[in-house]
Amino acid sequence: MNRDWMPIKTTPWTMGLILLTLILLIQTTALPERIDRWLFDTASTHYPAPVADDVVIVAIDDISLERLGRWPWPRTYHANLIEKLDAAGARTIVFDVLFPEPAPEDRRFARAMAEHGNVILPLHLSPPTANYLLSEQLPNATLVSAAARLGHAHVELDADGVARGLYLFNGLGSTLWPSLALAAHTSTQTGTTDYQAPSFVNVRDRYRTVPLAGGAGTVPTHSYTQVLQQPPAPATFAGKTVFIGATAAGLGDVLPTPFSGLSRPMSGVEFQANTYSALSQDLLIRPAPPWVAPMVILATVILLSLVLPRMRPTRTPIVCLLTLVAVLGLFLVGLFAGQIWVPVASALLAPLLAFPLSSGFRLAMTNRFLNRQLDDLARSPHVAVPEPARRHPNQLLEHFRELFQPDGWLLCEDQVVLARQGLEPDDIPTHLAAGRWHHLNNHSWIRLVRGQSDFILGLKLPNDLSREAIQRYLRRLHLEPGEARHRADKPRENISARIERVRVATDRLNRMQQFIRHSFERMPDGIIVTDELGVIRFANGHIEEWFQEPMPSLSGLPLTRLLEGHDPRETPPWHETVSETLTLQQSRTVDLRIHNKDFLIHFAPFALPDSDQHGIIANISDISELREQQRQHREAIDFISHDVRSPLVSQLALIEQLKRDPSHIDQAQLEQLGRLARRSYHLAEEFVQLARAEQLTETRFYECEFLAIVENARDSVSEQAAEKGIGLHLQGTEDLWLRGNAELLERAVINLLTNAVQYSPAGTAIDIQVFRAGHQACLTIGDEGSGIDADELPHLFDRYRRQKRSELTGVRGTGLGLSFVKIVVEKHRGEISVASTPGKGSTFTLKLPIADPLA
């Protein structure tokens, strides 16, 4: 097979010729006829024709056979029925019952027919026996002379055995008989053909499809015996055409129809009544002229051939679908508006064939294009990282030692020690599975098979918090090449080597693009890439998050507009910085502040290789934490220089005073010295606790019970509260398990209780409530103290912040206690809030997530 195995181009001529050929081949099968019949059946059953007001059926049903006896009945019954219907005012009476043989009651029957004057009898065309020619089976002469007209009772069955229509005229030779429905509708007795035929040839003319009003029983029907035995009913039969025929299943006059199929067939008299109903309303459907169907097919093929080659692939299904709808619309309009049945099956198949044919042409053109680009794609650059499974155990040990700095290691090849430190061969576990790590405390072992050699590698990891993380990481490493991994890399289907090369080259390009894209996304900094006009063409997720702009709106947005919209400035203006980076090809570094966060943005110009295109890469670094650390550092220096230094200076001064006159040591001086020492100790302790809280990570979390933590904190503060006569009332009985650090949580609760006791007047009470709210453990501490001013609430948890009210009243704090509480709560992914009314008290609410798997 050469590369251009399908050199045919997609043109209107090629598309049209191939499509027309396929349709002509399908025309030789029965598929189009089946589709056309299915379309008609679906349309006619969903939108049935209305029943004419002047048609009614008198049915020879099972009840009539039971009451009047076995069939055939004496013809006096029919005579009496005609007289009853004549008395009721029936306009036309149509018998769908054959009377070929004479009977004694024929004169009575004929007299009743003559008196009514408009009775129609059926005839049948069939050979008397198998050895005779086709002949007309007329009623006997006595009845023929009395009948107003004769009509044939034949109903045409299609190839699938379903009755959908009949011939309005049928007969032998040049004399044709109208159907019973036509004979009842008009006074036409016989018809003629346009050509002469022998008298033994069956001739049929004017085929019409009958739009049925529904299934069996749709036309108003009355039982033969009821009409015969009851008085005449003018309200039922006056001015109407009455069809009389057998509906009993035992008489065998049944026809499958689109409404019934073979489950509930329709009787012949009901079909004739439906035909009369449609004929009287001019609803009979004519077959379209023979030239209509080919013209529809040709128009459809021409349309698709002209449009599809010029259409985009994504619009091809829409065009094919619209063509299908248009052809179906033509069918329905012709059927219901024009009473013409247009065969459209082949025209419907045209768009169904055109879609895969057009797709095949496009695939062939794509294949030729891929063939031309194959060699270039195969030589494209790619990023390849050697798999650990292909490395020698000696190299693996070297890499593990550099990466993890283990306390010991052991490498054996076929029980020969190659490298050892801190581990012995006796430490090797038994029954090691190849390629799977076996962890025993801080020892990790693996057996590796390389060729004919069997290696055992062991590591003695540091017995600290990093051990579990290292062992989880080792489990994810694939160090033993397996057959399943090799099979997964091979194509599952039998494709050509050329397509396989395209796949490999495309995978390389995709991996390169994914590597670049993921690298930008994984970078800790925000990345913006612009074109030569400073318009953003790429931005990673950090930009979307920091600027709070959706990614679709970032693409195509000028970089200057983005920066001015979030950090407007006059000196230097953003447009000047961006334009100088592009025009002077010089890097720039500028401070940036977005949503109360500090950033550093570095503009660097770039130029694409082998191209005149250039632009800017803007690297944005979040330095908010660094600025916060700088601020905290300055605040810590100020705090140490004032709050920590002041009590120490006072202590030194007091000690110098005591040293000058050691014989007169006053008790008050010693108490003051103790207060200053305790204050220095509390300052140092809170500083240490705050540092511990800031360094807290989830690796130091464990299961702890919140109610027990609060009870321990209450007990720690109870003595201080008792000195002021303050009651601590704890409410809570439910055990609430958290995943956290109980020591720091207890210290945080102690700080809240200490503040409540310190700022509450003597003789009051502090309410402590521990309860569960959803998936959170809640703690509320309410006091009756002096409260907090509204302007102080936003800064209550700031570091080194003190309340003016408490400072003026002489209650002095360090400004670190509540800051410590907030940091501990945030480290546990909780939240803390306060509600306070000056002069009435404050309520602190603390919420922490519960360690519940269902939560």
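Helices (DSSP runs of H or I of at least four residues) and strands (runs of E of at least two) are numbered from the N terminus. The angles given here run from 0 to 180 degrees between N-to-C directions, and axes are lines fitted to C-alpha atoms, for helices over the stretch in contact. The model is predicted, and local features need pLDDT of at least 70, side-chain atom pairs count only at pLDDT 80 or more, and totals for chains, interfaces and linings use all residues. Residues are numbered from 1 along each chain as its sequence is written, and side-chain values use heavy atoms, with hydrogens and water left out.

Two strands count as paired if DSSP finds at least two bridges between them. Strands of a sheet pair through backbone hydrogen bonds, either parallel or antiparallel.

Strands β31 (residues 776-782) and β33 (residues 841-849) run antiparallel and are joined by 7 bridges. In this pair, Q776 stands opposite P849 of β33. The pairing of β32 with β33 is also antiparallel, over 7 bridges, and here S836 stands opposite S842 of β33. These two strands, β32 and β33, form a hairpin with 3 residues between them, and G839 in the turn has a positive phi of about 85°.

The axes of α25 and α27 come within 9 Å and cross at roughly 140°. The residues in contact (heavy atoms within 4.5 Å) are L744, L745, R747, A748, N751, L752 and N755 of α25, and G817, L818, F820, V821 and V824 of α27.

The loop between α25 and β30 contains P761. This proline counts as partly exposed because its relative accessibility is 38%, where buried means under 20% relative accessible area, exposed over 50%, and partly exposed in between (1.4 Å probe, protein chains only). P761 touches I726, E784 and G785, residues up to four places away in sequence not being counted. The C-alpha atoms of P761 and G725 are separated by 9.0 Å, although the two residues are 36 residues apart along the chain.

Elsewhere in the chain, R164 lies in strand β7 (residues 163-172). R164 has a relative accessible area of 2% and is therefore buried. Its side chain makes a polar contact with the side chain of D158 at 2.7 Å. A polar contact is a pair of N or O atoms within 3.5 Å; within protein, one must be able to donate a hydrogen and the other to accept it, and residues adjacent in sequence count only if both atoms are side-chain atoms. Not counting residues up to four places away in sequence, the residues that R164 touches include R37, F40, Y207, F271 and W341.

Over the whole protein, the secondary structure comes to 27 helices and 33 strands. Of its 855 residues, 42% count as buried. Among contacts with a separation of 6 or more, 69% are between residues 24 or more positions apart.
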